[in-house]
Amino acid sequence: ETELARGTLYLYFKNKDDIYTAIALRASKILNQMFRDCCRNGKTGIEKTDSLLQAFYEFNKKYPGYYAAYYYSGMFDDEASPDLAELRRIRMDSFDMVVDSIREGIREGIIREDVDANMSTLVMLFSMNSVLSLTPVINAYMKKYSLKQDQLFDYTKDMMLRSLKSSS
């Protein structure tokens, strides 16, 4: 699409992993900014957590190619890649925004105090990635019962948020 010869492309990138890492970095920056907007606009920890989950889903819908690069970027561990350190830093920053929103909700008493913010963030990330990367068998079940991915996302998000909330 850039109308560059393959050889020209490799003047800028050492190998395919470097290209992929650069794409994943761009994806991470987009998602990180979406997350920052959520944190700025949310009033409570649970609202921020809800908004962050929604942003992750919207990122997938708006930028499916970037989502794929973001999702699979962890498989490249070429320490010589010039973008890898920044990619890791930005991804950890995004992860920490979710952790911090849960911790904020705990301090506010809206989220249960026995919730482990790090583990909860990992479970939510795993769950959201599963909803966004449906296997053929899950697609078959959903088709049988006339369910849509948007419905599955909303239901999954609702279940996760309800499991975090304090009963008081």
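Are Lys48 and Glu104 buried or exposed? I looked this up, and both Lys48 and Glu104 are buried; buried means under 20% relative accessible area, exposed over 50%, and partly exposed in between, with a 1.4 Å probe and protein chains only.

**Basis.** I am working on a predicted model, where local features need pLDDT of at least 70, side-chain atom pairs count only at pLDDT 80 or more, and totals for chains, interfaces and linings use all residues. Residues are numbered from 1 along each chain as its sequence is written, and side-chain values use heavy atoms, with hydrogens and water left out.

**Overall.** I find eight helices and zero strands in the chain. Helices are DSSP runs of H or I with at least four residues, strands are runs of E with at least two, and numbering starts from the N terminus. The C-alpha atoms fill a box of roughly 60 × 40 × 25 Å along the principal axes. Of the 168 residues in the chain, 38% are buried. I note an accessible surface of about 10400 Å², with 55% of it on carbon and sulfur atoms; areas come from the Shrake-Rupley method with a 1.4 Å probe, and for residues only the protein chains shown count as cover. Among the contacts with a separation of 6 or more, 69% join residues 24 or more positions apart, a contact being heavy atoms within 4.5 Å.

**Lys48 and Glu104.** I went back to this pair for its surroundings. Lys48 has a relative accessible area of 13%. Leaving out residues up to four places away in sequence, Lys48 touches Cys38, Cys39, Gly42, Ser101 and Glu104. Lys48 and Glu104 form a salt bridge, with the closest N and O atoms 2.9 Å apart. My criterion for a salt bridge is a side-chain nitrogen of Lys or Arg within 4 Å of a carboxyl oxygen of Asp or Glu.

**Other salt bridges.** I searched the whole structure and found eight salt bridges. In one of them, Arg36 pairs with Asp93 at 2.6 Å between the closest N and O atoms. This pair links distant parts of the chain, with Arg36 in helix α2 (residues 16-41) and Asp93 in helix α5 (residues 84-108), 57 residues apart. Arg36 is partly exposed at 36%, and Asp93 is partly exposed at 23%. Arg40 and Asp37 also form a salt bridge, at 2.4 Å between the closest N and O atoms. Arg40 and Asp37 are three residues apart in helix α2, which means a separation of about one helical turn. Arg40 counts as exposed at 56%, while Asp37 is partly exposed at 31%. I also list a network of salt bridges linking Lys29, Glu86 and Arg89.

**Helix α8.** Which residues of α8 are buried? They are Phe153, Thr156, Lys157, Met160, Leu161 and Leu164. These residues cover an arc of only 125 degrees around the axis, so they sit on the same side of α8; the arc is taken from the directions from the helix axis to the C-beta atoms. Their cover includes α3 (45-62) and α6 (117-132).

**Leu147.** I placed Leu147 in the loop between α7 (136-144) and α8. Leu147 is partly exposed, at 43% relative accessible area.
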